[in-house]
Amino acid sequence: MEMYNAIKFLAEAFDAHGIKYFVAENVKSQEIHVFSGIQNGPLVDLRYISFNRGGDITMRINNLVNTVPHEKRFRILETINFLNN
C-alpha cells in the first residue's frame with residue numbers, strides 16, 4: 001500500500017517515538033489508529049483520517065466518554081464542543 005502524504009508523515013513520527021499504530025485503508029480513505037489510555041479514564045481510539053494524497057487530516061477520538069457517568073456526559077460533550085471550535 002502506498003501511503004498518503006499525511007499518513008506517511010504521521011507513521012514516520014510515530015515510528016520515531018516508538019508509538020504503536022496500525023494503518024487501515026478503504027476505497028475513500030486511509031487511517032492511522034492509535035490506542036491510548038487516559039489516566040483514570042478509558043482506552044481511546046485516536047483515528048487520523050486522510051481522504052486524499054495531500055496533507056489534510058481529520059481526527060476522530062472514539063470511546064472518550066464511554067466511562068463517564070450518564071448524568072455528566074452533557075457537560076463533558078459541551079466542553080469538548082467548545083474546545084473543538
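At 40% relative accessibility, F22 counts as partly exposed, because the partly exposed class lies between the buried limit of under 20% and the exposed limit of over 50%. The model in which this value was computed is a predicted one. F35 falls into the partly exposed class as well, with a relative accessibility of 46%.

By the ring-centre rule, the structure holds three aromatic pairs. One of them joins F14 and Y48: the ring centres are 5.8 Å apart and the planes meet at 55°, so this pair is tilted.

F22 and F35 form another aromatic pair, which is stacked, with 6.2 Å from centre to centre and 25° between the planes. This pair also links distant parts of the chain: F22 belongs to strand 1 (residues 22-25) and F35 to strand 2 (residues 30-37), 13 residues apart.

| Pair | Centre to centre | Angle between planes | Class |
|---|---|---|---|
| F14 and Y48 | 5.8 Å | 55° | tilted |
| F22 and F35 | 6.2 Å | 25° | stacked |

Two serines are described next. S36 lies in strand 2, the strand that also holds F35. With a relative accessible area of 28%, S36 is partly exposed. Leaving aside residues up to four places away in sequence, S36 touches P42, L43, V44 and L46. For S36 and L46, the C-alpha to C-alpha distance is 7.5 Å, and the two are ten residues apart in sequence.

Is S50 buried or exposed? Its relative accessible area is 0%, so S50 is buried. A polar atom of the S50 side chain lies 3.0 Å from the backbone oxygen of N52. Not counting residues up to four places away in sequence, S50 touches Y4, A6, I7, K28, S29, Q30, D56 and I57.

How values were computed:
Residues numbered from 1 in each chain as written. Predicted model: local features only at pLDDT ≥ 70, side-chain atom pairs only at ≥ 80, totals over all residues. Heavy atoms only, no water. Phe/Tyr/Trp six-rings, centres within 6.5 Å; stacked < 30°, edge-to-face > 60°. Helix = DSSP H or I, 4+ residues; strand = E, 2+ residues; numbered from the N terminus. Buried < 20%, exposed > 50% of the residue type's maximum accessible area, 1.4 Å probe, protein only. Contact = heavy atoms within 4.5 Å. Polar contact = N/O pair within 3.5 Å; in protein donor to acceptor, adjacent residues only side chain to side chain.
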